[in-house]
Amino acid sequence: MDKDGIDLHRIPCESYTDGSFHGVEFLPEDFRDAPNEATMRLDEKYSSLPVEEKGIHIINIRAIEDIGYVRTESTLLNSFSQDPDANCKYGLYFRDGKRKVDYILVYHYKKSSFSRTLTRRIHFNDSGPRSIKQDQPLPGKGGQVNMEENEHHIDYHEDDKRFRREEYESNLMQTGLELERDEDTKIHGLGFVKIHAPWNVLCREAEFMKLKMPTKKIYQIHQPHGLLKKINSVIQKITEPIQPKVAEHKHQTVKRLSYPFSREKQHLFDLSDRDSFFDSKTRSTIVYEILKRTTCTKAKYSMGKGEGRKTETTLLNKRRKCGKHGITSLLANGVYSAAYPLHDGDYEGEHVEHNDRKLLCEEWASYGVFYKYQPIDLVRKYFGEKIGLYFAWLGVYTQMLIPASIVGIIVFLYGCATVDENIPSMEMCDQRNNITMCPLCDRTCSYWKLSSACATARASHLFDNPATVFFSVFMALWAATFMEHWKRKQMRLNYRWDLTGFEEEEEAVKDHPRAEYEAKVLEKSLRKEFRNKEKGQQLPEEAANKWRQRVKRVMAGVKLTEKEKLTWKDRFPAYFTNFVSIIFMIGLTFAIVFGVIIYRISTAAALAISSSPAGRSNIRVTVTATAVIINLVVIIILDEVYGCIARWLTQIEVPKTDKSFEERLIFKAFLLKFVNAYTPIFYVAFFKGRFVGRPGNYVYIFHSFRMEECAPGGCLMELCIQLSIIMLGKQLIQNNLFEIGIPKMKKLIRYLKLKRRRPVDHEEHLKKKQRYEVDYNLEPFAGLTPEYMEMIIQFGFVTLFVASFPLAPLFALLNNIIEIRLDAKKFVTELRRPVAVRAKDIGIWYNILRAVGKLAVIINAFVISFTSDFIPRLVYLYMYSESGTMHGFVNHTLSYFNVSDFQEGTAPNDAMELGYPVQICRYKDYREPPWSETKYDIAKDFWAVLAARLAFVIVFQNLVMFMSDIVDWIIPDIPKDISQQIHKEKVLMVEVFMKEEQGKLQLLETWRDKDKKKGENCNHSPRSSVSHRGSVSSCHSCHVEV
């Protein structure tokens, strides 16, 4: 008790391990024990109040806090004219306006209905003590609080989360991080923990992570000379209007030598400005590494009585799931609801300070600058190397589509120019030939004239001409060139971004286990120990209380998991589930395609008996268009479903590392989405019209539906329609509308939920949100897998069936021009800032690209030989043509059928629809005529064409792959100038260390010479009368001076 009657005593904080916290703290247990006492503890940091001020009530202090006062070392209240939010730049800095916020942790909390809650803020200075002001319920204005009546309101689950947060944040501060808490926000029920990494922590972690930082050494980058220099200068002047106005994008002639940061060699680095030495991206990466490795496995629970003790086992089990990794498990268990670094500031507004985010929005994330190059170096500086590599790859891919689009347009124009000179289509359109075709369906369909398919034949020539073969070869070589060009670009970026020696760190991080894996191993260890106990094989315990010793081992989590790992036996149920699920989903895709085939057949039969002449004349176009639209809708829906299922299947496998998890997820998602997107196209390209049979002996499905046939001009035109609609539909709907609409819809729903949760008063509405509040309302970053996936599927459309659709590169180019700016806008304005991840390549996506490129060669070979009429034309021209031209080709590909050989009930109902009786009809196949001894058998012409087709596949595949390998061999993976610069950096680094060692040796030699001279002066002193003791002391003084 002090002289004013206030009891001041120190309250121990059991939830914090270091015990060095100071501040004002109110605990419910104290109110329960002595509800009439105002319990608080003094912070020695603040000066005492004047005598007349000591009687101030705590509620008045709370009221002062609500209007935002700033407390200093010597006074309790500051001037009300100063805006504390403006001082901290609205959340970008701590309340002192000096320490920058590097990371944010967000959590949900519940306020008791019978009390108010103080704003909770934690301060930890470099030199000062740690202080905490905890949010705890306060009594009313002088009233007493009966805790017994409200005891049932206590949520032990929330207490568990709070204890975990307190312990985790305490451990974070033990690592050197500084924290500040804010619960007085516009978002009701959310608390924010601001994290700042001081200079010593940044230096320590940068050394641990082997971050390459720029040194003081500057060297000249090799510049071309002579003709190359003139060519480069001309190119720079021409491309200057399309260059972004960003300092990082300007051509650099000098570069700073980089070296892994070391605290012992700080003199090598340029530390003139410590605030900017580690940029915001690097600072957030360092903090995130600390968050991942900080543990939360030693918290003490004070559960009270009754129900708390009953739930102790449940809480202990949750505690075990924390494992060795902090933030990942805490986010998974709901202890924290979000964790993210802050954006640099606002990107729009009149009085917005200049920052990298605003610059990116103006020069990159805007549709008005679609014609400009991307500021890749600034993207890397802001988002990190992994995201920078994605946009660099997307930019290279888009640039490489320009020549492919030009060649595709030329091929298409060639088809348009030669359509009137194409002899087969002219023969089909010539009504004088009077070729009568057999019915397309049983009973309801009648005979028809071949000339009625004139439009289809002319349209097929636009995509089925000799130039198509050239374009297929060109695209195969284009894919190989693109891959080599990207590897060279990647090496240039690795050199510019100081990632040339990144392999060592990747190997170290690769074996870092995931939190889910550790939890599974821990569960296995506990199960094994329990079985041993049941068998009586329990290991001897040192202490008497065996349960306590076991809990300690479980809490530590290390001893039990070091010797255990998940084997294939542990994962066998997950592997079996994966196999069965994938087979089932692939079968589901085939079943849906089969259902669409049934729809096409039944719809064609229904339209054939239609009373509308227009409906009967456009049967093929109507059926094809509607079936493709159905396929498109199914593909879009199944894409989303398969993505979720692939993630779930990967999670139940429990991969050990994040890298393994990502690779397995990518493989499953790509396999399922590849089958989903390309199965309808594969059907049209290689199966439609192949198993039809012949008139009089057709193949039926379910004994009622006859298999559909290709058009007289072949299935290539239908394949082109199918490919174009699916490709354009996926790009327009899934890649663009979904990416724009879904994030905005989620943002609107989140805003409405927050608005409904708490009514907004006028004062709070006028209050500007903090930076971390604004970023919390943004969409969380979900990784780059969806972005890569849609581009890889598009790459498949461009390369796999390009022989049937030469305009595919053009539509892909137009889509990517929009896609780059759309993704950029999403990353800058719609998403929370992701944690920067270092990477030197695009990972498994490169292998998938190479596989798709190799597969494209094979598929295009089969499309040209089996789907188009290119090979039959060549065979006819060189083996069967009498005049050496294509005249008579159409008649050569059509076989004869006697209408009297129709099966009973399959002949047309209206045999006189053409106005004359039909005795012989024609159908497309190579079969013997009805007057032959072996009528309707396969003719020898079929085998000749089949042999030619197979020979073309073999020759085309091997020739194109050989040419692709030559391209790979000719183009080196590492540019010559980059290899020279890397070698130069190594030599310069050796020179720097050699000069440093020489300087040390010279300094040591200088010290030795001085020491030797002073020693000689001491030994030959002219004052011989000095005593022995005096001479010794004088010599000693010489050494001390040195």
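Let's start with helix H24, which covers residues 619-653 and has 35 residues. In this predicted model, H24 spans 49 Å from its first C-alpha to its last, close to the 51 Å expected at 1.5 Å a residue. Just after H24 comes Val-654, whose phi is positive, at about 55°.

## Aromatic pairs

If you like to look at rings, there are 53 aromatic pairs in the structure. One of them joins Tyr-107 and Tyr-109, a tilted pair with 6.2 Å centre to centre and 55° between the planes. Tyr-107 has 0% relative accessibility, so this residue counts as buried. Tyr-109 has a relative accessible area of 11% and is therefore buried, because the cut-off for buried is under 20%.

Another pair to find is Trp-364 with Phe-383: the ring centres are 6.4 Å apart and the planes are at 55°, so this pair is tilted. Trp-364 sits in the loop between helix H12 (356-363) and helix H13 (376-383), while Phe-383 belongs to helix H13. The two residues are 19 apart, and their pair links distant parts of the chain. Trp-364 and Phe-383 are both buried.

## Charges over rings

Two tyrosine rings are worth a look here, Tyr-495 and Tyr-382. Over the face of Tyr-495 lies Lys-255, at 5.1 Å from the ring centre. Arg-833 lies over the face of Tyr-382, at 3.9 Å from the ring centre.

Note on methods:
Residues numbered from 1 in each chain as written. Predicted model: local features only at pLDDT ≥ 70, side-chain atom pairs only at ≥ 80, totals over all residues. Heavy atoms only, no water. Helix = DSSP H or I, 4+ residues; strand = E, 2+ residues; numbered from the N terminus. Expected span 1.5 Å × (residues − 1). Phe/Tyr/Trp six-rings, centres within 6.5 Å; stacked < 30°, edge-to-face > 60°. Buried < 20%, exposed > 50% of the residue type's maximum accessible area, 1.4 Å probe, protein only. Lys NZ or Arg CZ within 6 Å of the ring centre and 35° of its normal.
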